[in-house]
Structures are given as C-alpha cells and as structure tokens.
Amino acid sequence: MDKQQIWDQVRSQAIATPSIYGAVDFDAVPERFAGAAGDPNELRSASEAERAQLLADDRLMTLIRAYTFMGDRVADPYAALMPEYGFKRLIDMVDQACKNGIDSVADAPPELRTFIAAMETVPDWLDMAMVEEGARLERAAMAIMSPIAIRAAFIATFMNRYAALPMALTGALSNESAARRVKETATFFATSVLPGALARGGDGFRAAAMVRLMHAMVRFNAMRKGRWDVSVYGVPIPQVDQMPAGLISVTMMAAGVLRQGRSEFTAEERARVELSRYRCYLLGLPETLLATTPKEIVTLMAASLATLRSGFDDDTCGNLLRATLGAYLPPDNSLTSRVFDRVEKGFSKVFFVKNYAGGDAARAAGMGVVPNALDKACYGIAAAVAGSRLLAYRLAMNIPMLAGAVDRRLVAIIGKQLASWGHAHFTTDASAYRPSAP
C-alpha cells in the first residue's frame, strides 16, 4: 500500500463516521507526534543517531503518523449508532451476531453486518493451524505468569499522558473501575490462548469484537461533545497505541532473535508471532502494522515509540497508576486471597521500578511508587515460584507422553482464572467521562 492509499483510508473515516471524524484536520500534526530530532520521546533503548534513521524513513513515518489518526473503520460507524439504539442494544447485537451469526439478529443494521463481515474475512496469510500451535505454546506462560503479572503489564498502557487519556477519560480512576479494566484485559488475552478460541464462533473471536466495540464507543463519546483535543492527542485509541498491547511480547522475542545474530524465527517462534498477528487482526489493526520478520517487527515498534512524545502527568498517569496498584483483584476476601493480593501487589511495585522507571527508585517515588522491604520480598518469592513452575510445565510439554495431559491441565488452570475474574463487560459509560485537559 502506497502513501496515498494509506492517507485515503485515514481520510475516508470522515465520510464513514462524521460524528467522530468530521471535524478532524488530518493534515495537522498533533502535539503527541514527536517527529523532530531532539523531541522527548518514549524510545529509551536507542541512540539519537538510531532514532534519526527511523525519522528519515519516509514510508515508516507515513505509517506511524497516518495511524495516529486511524481508529476502526468498521467498528466506529457501528458505535456511532448509539444515540439511535443505545449502548446496551449495540452490545447485545454484537454478542448475538458472534454467537449465532449475523442473520440471527433481527433487523441488523448494515453497520453491524459490515463490522462482523470484516472480522469474518480470512486474511490470505492466515494459517490457523499455526495460530493454534502458538496458542498452545503460550498457554503455560498465561496460566502461570498472568495472575502475578497482569496488573504490572496493564500499567504499561498508561505511562504516557497522550496514550493514557482515554483510560482516564472513561472514569477508570477509582480502584473499582481500575480492577474491572485489569480483569477485562486479562480475560481477553487469557481467552485468546484457549483451544479454538480465535476461530469463528470461539470465545476469543467474540471477546475481540467486544473490545473493538468498547474502543469505538470511547472514540464516539469522547469526540462527539468536544471532550477531546485532536490538536494535542490525535484521535482516541489510535492504531499506533494498540500496537504495544498486542505486539509487545513478540517484539521482545524479535529483539532477542536479533541480539543472537539471527534474522528469522524458529518454527515455535513463528507460531507465537502468528498467534499475535491474528489476534491483533481481529482487534482491527491494519495488516501494514503486522510485520512478519524480527527486524520489521522491532523497527515498527521502535518507530511508534520514537514518535510518541514523552509525558507523564500526575492527574492522568499518576492517578491511573495509583488506582491500578491499589485495586483489589481477587474474587473474595478469604485469607488465601488476601495473601495473594499482597504478594502480587508487591511484585507489581518492584516490577514497575525495574521496567517502567528504569530501575530509578527516585523516579518511581516521584510517580508515587515506593516499594518497601516486604514488597521486595514478595517480588522475589513470586518470581521464583512462578519461574520454577513455568520451567517445569515447559519441560513437561516437551515429553510426548506428558504433553497432552499437561496441556489439559493448563487449559483447566486458565479456565479457573477466567472464572475468578468474572464476566467481562467490555463497556464504557459516557456519563463517567471527564473533559480532557489542555
């Protein structure tokens, strides 16, 4: 796809969904886009010379800047029907269409038909057997690591004020709402690695549709009443901000491959990549952002970080951080649950310092995170126990006589986790929104 085609797609949003994009100036460069040398940015792992190489790549910069304005071309028009149908009816129709097919929805609006048809369209590159193998390989990490790491991973989504504002805008600043968002995120990714989950009719397919609708509702509610400053933030939840959530694990894997001097993935690595690519495809990411080789994957992610202006403000990022760290995630108040909550919170605090504050305790303290001795002990215990369990499961998965039983056990563990997290609503309440700060 050439530059003109990319921008034609972006600008077509104003025609398809004028209630969201009709007043957007697609030719303007929003404040969030750090496209000049010396601009503060989120690419912390590269030199200025390496960043300059990225900025000099015209096609790469076209992609990143264009997709800073790209929402969801099929979910957004459907979400814009909210004044006519109400948000609950829109959710119910998507749920029914995913479970029973679009023809089961009486008087289904054409926007819903287009939305579901887009998700049902099978990309030419899809190898479902490889996706299923990727899911099988990911089940051990999901079953063992996600209970202690999901809060810490979720925090990464709002460490930048330009990317975090949609979360703050939707009222996720209380412990209760933060807990719900953490569980919804965990539910989607955990569901996606279950057998057959991403196939048409699978629970992962349905969850992806719900996530897309929730994001589209955020865009509609934020944009329709002037609650959003496009000149500062671009559009709410653009495609470039969805890349990290869906591709960070394979980006880290790709970076490891390159450090080893390899240029290609192994068969198992390729399966993991294809799982992530198809999961992102179902979430609406354009195929131009779904790279296939280690170098392409790392370069795209680096470009997105190199052009995202740095910015941590306490009203947005700090409040989200504290609400998430303070949220109580277990399903009950039993002694076991309270102990787990304490250990997991300690793990998350130390993980935050190590990974999001660059190991700088003073910087973390400035953001309101000060791990104490007990937190550090919890981190060590949780990391040691989870790491040893993960290693044991992965070793057992390589033993033919045990592999089947081990996989069934992992599926059961994930199922139990999903039950403890409860039903994910994937909804957004416009009445809770607050105006965006200048």
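**Note on the predicted model**

1. In this predicted model, the protein chain carries 48 positive and 46 negative side chains. The centres of these two sets of charges are 6 Å apart.

2. As to secondary structure, the protein chain contains 21 helices and zero strands. Its radius of gyration is 21 Å, close to the 22 Å given by the globule rule for 438 residues, so the chain is as compact as a globular protein of that length. Along the principal axes, the C-alpha atoms occupy a box of roughly 55 × 55 × 45 Å.

3. On burial and surface, 54% of the 438 residues of the protein chain count as buried. The chain exposes about 18,700 Å², and carbon and sulfur atoms account for 57% of that area.

4. On contacts along the sequence, those considered here join residues at least 6 apart in the protein chain. Of these contacts, 77% link residues at least 24 apart.

5. The surroundings of Val411 include residues from elsewhere in the sequence. When neighbours within four places in sequence are left aside, Val411 is in contact with Arg139, Leu194 and Pro195. Arg136 is 275 residues from Val411 in sequence, and their C-alpha atoms are 9.2 Å apart in space.

Technical notes
Residues numbered from 1 in each chain as written. Predicted model: local features only at pLDDT ≥ 70, side-chain atom pairs only at ≥ 80, totals over all residues. Heavy atoms only, no water. Helix = DSSP H or I, 4+ residues; strand = E, 2+ residues; numbered from the N terminus. Rg over C-alpha atoms; globule rule 2.2 N^0.38 Å. Buried < 20%, exposed > 50% of the residue type's maximum accessible area, 1.4 Å probe, protein only. Contact = heavy atoms within 4.5 Å. Areas by Shrake-Rupley, 256 points an atom, 1.4 Å probe, with all protein chains shown as cover. Lys, Arg positive; Asp, Glu negative; His and termini not counted. Charge placed at Lys NZ, Arg CZ, Asp CG, Glu CD.
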